[in-house]
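Please read these notes alongside the coordinates.

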Amino acid sequence: MTSLVALMLSQPASATTATSVTTRTAAVAAPKITWKACESAGLASRGAQCADVAVPLDHTKPRGKKITIAISRIKHTVPDSQYQGAMFVNPGGPGGSGLTLSVLGEYVPKNAGAAYDWIGFDPRGVGSSSPAVSCQPTYAGYNRPKYVPTSASIKKAWFAKTYRYTKACDAKNGAILNHLTTKDVARDIDLIRAGLGEKKINYYGFSYGTYLGQVYSSLFPTHVRRMVFDGTVDPRGVWYSANLAQDKAFDRNIGIWFDWVARHDSTYHLGSTKAAVKKLWYATQSRLYKKPVQAKGGKLGGSEWTDAFLYAGYYQSTWTDLADTFSAFINDRDVAALESSYLDASGYGDDNGYAVYLGVQCTDVQWPTSWKKWSRDNWAIHAVAPFETWANAWYNEPCRHWPAPARTPVKITGKGVHSLLMINETLDAATPYPGSLEVRKRFKGASLIGVPGGTTHSNSLNGNACVDDQIADYLLTGKLPKRVEGNHADTRCAPLPQPEPESATAEKKQAQRQTVPTDVRAQMQKEAVRP
């Protein structure tokens with residue numbers, strides 16, 4: 001595979017192809033793709049096309065029951081002689097809806113996206129794909145049990161809650177729960193590739209989407225042309241260890257935010273030192289556990305307080321809004337602002353993303369079933385990183401008793417993949433930086449852009465010219481930063497500056513460049529690997 005020559009296709013992407021896809025278990029005829037108008041106003045306004053692609057529920061039984069994958073396409077605008085192929089985009093999760101992410105191409109600088117057909121899709125079980133998985137839409141709930149299980153009654157309450165959820169998942173969803181692995185999704189992608197008439201694909205993955213890219217390229221290395229990974233999952237930790245690794249990183253990042261809030265005490269009035277802000281935050285959490293406040297949708301206790309501030313550990317862009325929420329609650333008793341932040345983070349009212357998250361992670365690989373191990377591991381981390389450790393544990397605990405069998409994960413080697421551009425901020429909490437170093441080591445054709453000191457997760461095409469221009473150059477010509485010997489980044493970019501209250505200098509600078517719009521960025525944020 002060459003990364004410097006445009007991929008020329010002898011067959012239009014809309015045509016039906018007789019090409020077959022060979023998996024390790026069966027030969028599958030390429031699906032017919034019939035394009036139609038898109039229901040999304042944003043997609044329709046861009047002239048996008050949409051389709052529902054039939055794929056086997058069970059890839060080992062290609063003539064058996066079918067499910068559908070919802071896809072969208074925004075076609076290249078360059079002359080056909082300059083066309084560089086289809087670019088599949090995944091926002092992460094797992095469980096993230098990527099149907100509208102075919103718009104991503106227009107936000108690549110230098111008009112570099114114009115040479116590609118951008119393919120957005122909802123992975124199996126997600127969103128507009130059918131069937132869509134759901135168990136209990138209001139599972140997130142209000143006034144939930146305390147996260148830290150300091151008593152037998154707290155632990156019992158969480159066990160009752162999570163077991164009800166997994167039983168509901170089993171009762172409501174049927175056979176698809178047995179076929180939600182990352183390997184299944186990768187095989188869906190390859191069928192769609194064949195249906196489009198493409199010999200190879202390009203791929204842009206955020207967060208969990210980088211692991212999907214690793215799996216796809218391991219199963220089908222000859223079908224890969226160029227790939228971009230933003231916020232790379234460490235394949236060594238899939239998935240129990242990966243979630244434990246996030247806990248210390250999120251605690252570090254919330255501490256960075258506490259320090260930032262303290263430096264702006266004249267605006268927020270929450271304490272002039274990091275220690276004072278931290279003490280107030282945890283004291284408020286404790287008070288809400290003892291006496292929850294009444295919001296419009298229900299009571300908000302300490303668990304809801306914790307969730308409300310989750311994104312401060314993910315995204316620097318949320319710092320000002322969440323500091324406003326913190327300040328408004330403490331200084332003005334503004335419960336509505338707290339509820340709004342909680343609802344933004346919790347996904348209350350729609351559990352599709354969470355159900356698929358569990359469906360993928362719980363079956364990609366066998367999780368420990370012993371509660372003694374979970375308890376021992378999480379108490380050890382909680383002792384030094386209390387912010388999210390037990391919240392994260394209960395979020396993932398249904399994997400101990402998930403109603404579908406676990407599989408064997410795909411071995412990630414990077415063999416046969418010749419072109420990969422990676423980006424990772426070094427203090428990214430959701431996908432810690434060592435994961436990018438590990439994947440760079442395995443993929444000999446990879447180059448890594450490190451962003452030292454950056455705390456934001458999967459933030460490319462969001463106004464950092466140093467990062468975004470290198471992505472554009474890669475998509476235009478295949479040019480990668482020169483690979484440098486050693487276990488480190490091949491080139492570095494400074495992170496975007498930290499925001500300032502009221503008028504953020506960083507936002508002013510970003511406004512000078514075309515960046516992914518707020519609604520699309522928010523969707524990608526909601527679907528990051530959840531701590």
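1. Is Asp 468 buried or exposed? Asp 468 counts as buried, because its relative accessibility is 2% (buried means under 20% relative accessible area, exposed over 50%, partly exposed in between, with a 1.4 Å probe and protein chains only). Asp 468 belongs to helix α15, residues 465-477. Its side chain reaches the backbone nitrogen of Leu 461 at 2.7 Å.

2. Basis of the note. This is a predicted model, in which local features need pLDDT of at least 70 and side-chain atom pairs count only at pLDDT 80 or more, while totals for chains, interfaces and linings use all residues. Residues are numbered from 1 along each chain as its sequence is written, and side-chain values use heavy atoms, with hydrogens and water left out. Helices (H or I, at least four residues) and strands (E, at least two) are DSSP runs, numbered from the N terminus.

3. Strand β6. Five of the five residues of β6 (residues 86-90) are buried, so the strand is largely enclosed by the rest of the structure. In a regular strand, side chains alternate between the two faces of the sheet. In β6 both faces are covered: Ala 86, Phe 88 and Asn 90 are buried on one side, Met 87 and Val 89 on the other.

4. Neighbours of β6. Two strands pair if DSSP finds at least two bridges between them. β6 runs parallel to β7 (residues 117-122), joined by four bridges, and it pairs with β8 (residues 201-206), also in the parallel sense, over five bridges. Val 89 stands opposite Gly 120 in β7 and opposite Tyr 204 in β8.

5. Nonpolar cores. A nonpolar core is a set of buried Ala, Val, Leu, Ile, Met, Phe, Trp, Tyr and Cys residues joined through side-chain atoms within 4.5 Å. The largest has 87 residues, and Ile 71, Phe 88 and Trp 239 have the most contacts inside it. Helix α11 (residues 352-364) supplies the largest share of this core, seven residues. A second, separate core has 39 residues, including Tyr 268 and Leu 338.

6. Ile 71. Leaving aside residues up to four places away in sequence, Ile 71 touches, among others, Ile 33, Trp 35, Leu 99, Gly 120 and Phe 121 (contact means heavy atoms within 4.5 Å).

7. Confidence. The chain averages a pLDDT of 92, and 89% of the residues score at least 70 (pLDDT is the predictor's confidence in each residue, from 0 to 100). Over residues 503-512 the pLDDT is below 50, and this stretch has eight contacts beyond near neighbours in sequence. Residues 525-531 also stay under 50, with 43 contacts beyond four places in sequence.

Technical notes: A polar contact is a pair of N or O atoms within 3.5 Å; within protein, one must be able to donate a hydrogen and the other to accept it, and residues adjacent in sequence count only if both atoms are side-chain atoms.
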